[in-house]
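The points follow the sequence and the structure shown here.

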Amino acid sequence: MRLFILIVIAVVSLCYLSDVSADDISVSPKSHPKICVVLSGGGARGFAHIGVLKYLEELRVPIDCIAGTSMGAVVGGLYASGMSVDEIEKRLDNINLSDIALDIVDRRTISQTLREDDANYPISGTFGLSNKGVTLPRGAVEANQFLALLQDWTSHLPPNIHFDKLAIPFRAVATDLQSGDMVVFKQGSIATVLRASTAVPGVFAPIEIDGRLLSDGSLVRNLPVDIARDMGADIIIAVNIGTPLLPRAKLDSFFNISQQMLNILTEQNVNEQKKLLTASDILIDADLGTISFMDFTHAREAAHIGYKSAQALHDNLAKFSLTPAHYLAQLNARPNPNLPEIKIGFLDVRSPGTIPAEDIRRQLNISLGDEYRAAEINRRISSLINSRQYDSVVHSLVQRGNAYGVEVEAKPRSWGPNFLRFGLKLTTGFDGQSGFNLQVGHRLPWITESGLEWRNDLQFGNIYGIRSELRQPLMQREGIYLAPYVNAKFNSLSIYENNQRIAEYGIRSVQVGLDLGIPLGDHSNRGEIRTGLFAANYHSSPKLGGVFTVLPDEKYVITSLSSDQLDEIAWHSRFVVDQLDAPFFPSDGYRFGGELIVGINRTRSTIPFEGMHSDFRGYRQATVDVKWAKSIGDNSVNLTMQAGARAESGPAAPGIGLSLGGFQQLTAYQPDQFYGNYLLYGNATYLFRALNFKMASQAIFVGTSLELGQASEQKSDFALRNLKKSLSVFVGAKTFMGPVYFGVAAAPAGAFNVFLQFGRQ
């Protein structure tokens, strides 16, 4: 009887338990094998990790630890810090990671000086020059924006945190560039660690941590299975998204061969790590097709492929799924290391080199007692980085006893102290008229602690010239400055009559002046005013041509052209407000500028002409130019207007005054074909972006321009019927060597031009 009662009780109990849902059962969050996710490197292909993590969440597969390399470290580190997959996706949707990774900033945030340098020297890259010879930066980009982004997204974590105290225990891998050893990070500033793990050689500059110069971890351990095993993993879910080896047909360039060498090195250590996987582990090989290492624009596509790759292994993954209650208990058991609100108790600034630490402290304007906000500090730091005076400017939150403070380390550019930039201009009309100019810009900043800079600009080719200028800030480094300068130039000027070249002059000019520069906006990001005095001498001498005179007896004589000189002393004031998003092929913004010159001059000539005056007389010249750009999708419209007038007695001497002609200055005509004391010009250009490579803004355009204009001595020439007209159709491209245009232009008067323009206008 007693046995029967026990059996009945047991049966009733089983029936009762069978009606209780799994959600009502309290379970231990540790009642499953320890599962560790291993995420490999692969640049932009690493977005596939987001899709894999998303599918694991949907299956309620617990993640007890994460080990990652390069982009795998970034995704894994953010996830381990407590950020959900949805939050990571949402944040990525709101940024242009391609621009951030390549340190591309909005042109309207940099100074007017840098904007002008970028336009004058469009060839990408700046070379250093020292007593050691020509030097280059340690990477194509410093990835300052990427580090700032990581700091912003992980600012809720304590400084120097042990990674076992994160929401999910985490490890990141980097490479010691000096020894070649693998470095496994278990503790530190997670943002700096992730930046080190992603420092791809030749692309991102290496970063120093604790005295070690570190680079991308993929060089030594792109799929760190052994690191996960050392963390105590019972089960490993490894996600490999590495770039596959290129076929022989594509090994046809230096870049592809260099990439192949890196891929071979990476694949070798990946294959070794795959051998450590057991039958209980799961390997997800995501086939990302043609998505490349730097193809950040296909983030969503890569994430979708990662999701599908995990979904294809559903049966293998599903056996690790937890019940909803068990999974929730596992999530609730994770640590929460978030910092409380912190007040800044101290500020330390370190600046090895000539740039004073006090100057950096002044520009950052961080007050003690302020609430610590990483994003706000990085916003202020961005102004320093955008000045291009530093390799890097980084801040760290540090703890000393019970106080928290900020340390800022500003490293000046290490590959100077002299810096060289280059520009190249090639133009041809395929009719025997062509032009070539090589431009070299030399900059020597911070000669003194007050910020004295020496600037030199040289030209070689159809124009030979040099401009040398000193800039001395008067109060603040980024404020008002004095600029004494000397400018010498020699060029040729062709004279035309009825579209025929009838003469050619050689023009030599020397100018000496002193300007006061006044920035507009924060760090002159709006524009600039320059005003001052100058003295100049212009000398024109004939190289070809003469005056053809028919005598009454039908004989003729050819008289030599005159050689002319002009001396002038003048005050000028020039201003520019530049808010275009690009110097070439702009898609948004405007530029407005002008110049006023008031002075005295005198002329001398071997053949006196009407209006020549050997005594000093007054003259005035005013010019204005406006450009506006707007886009809808891949369609852009650019509108340009220029006007000018010069008031003086007599006609303009060759090389003096205002001129039109040449590319985007009445393209169907020859350079400087029209000149005089008055100028009016308008241009309407339509651009269609046919191809957008999404890499450093490189693109190919198809466009057309309608131009109207005139430069002349006679005001009557500016009636609408007398304006010169030009219509052009072209293909253009933004390249790392500068802008390229190829097209045809025609004018009603019969002028026709097939043009190739390389470099700045």
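1. The buried residues of helix H13 pack against helix H2 (48-59). The structure is a predicted model, and the points below should be read accordingly.

2. Helix H13 covers residues 324-332. Its buried residues are Ala325, His326, Tyr327 and Gln330. In general, an α-helix has 3.6 residues a turn, so residues three or four places apart point the same way.

3. Thr154 is found in the loop that lies between helix H7 (144-153) and strand S5 (161-162). Is this residue, Thr154, buried or exposed? Thr154 counts as buried because its relative accessibility is 7%, and the cut-off for buried is under 20%.

4. The surroundings of Thr154 may be described in two parts. A polar atom of the Thr154 side chain lies 2.7 Å from the backbone oxygen of Leu150. When neighbours within four places in sequence are left aside, Thr154 is in contact with Leu78, Ile190 and Ala191.

5. A nonpolar patch on the surface is formed by Tyr590, Phe592, Trp628, Val637, Leu639, Tyr686, Phe688, Val702 and Val731. Together these residues have about 740 Å² of accessible area. Two or more residues of the patch come from each of strand S26 (589-605), strand S28 (635-647) and strand S31 (678-692).

6. One of the patch residues, Val702, is placed in strand S32 (residues 699-712). With a relative accessible area of 38%, Val702 is partly exposed, because this value falls between the limits of 20% for buried and 50% for exposed.

Conventions: Residues are numbered from 1 along each chain as its sequence is written. This is a predicted model: local features need pLDDT of at least 70, side-chain atom pairs count only at pLDDT 80 or more; totals for chains, interfaces and linings use all residues. Side-chain values use heavy atoms; hydrogens and water are left out. Helices (H or I, at least four residues) and strands (E, at least two) are DSSP runs, numbered from the N terminus. Buried means under 20% relative accessible area, exposed over 50%, partly exposed in between (1.4 Å probe, protein chains only). A polar contact is a pair of N or O atoms within 3.5 Å; within protein, one must be able to donate a hydrogen and the other to accept it, and residues adjacent in sequence count only if both atoms are side-chain atoms. Contact means heavy atoms within 4.5 Å. Patches are made of residues with over 30% relative accessible area and no salt bridge: like charges are joined within 9 Å, nonpolar side chains (Val, Leu, Ile, Met, Phe, Trp, Tyr) within 5 Å. Accessible areas come from the Shrake-Rupley method with a 1.4 Å probe; for residues, only the protein chains shown count as cover. A salt bridge is a side-chain nitrogen of Lys or Arg within 4 Å of a carboxyl oxygen of Asp or Glu.
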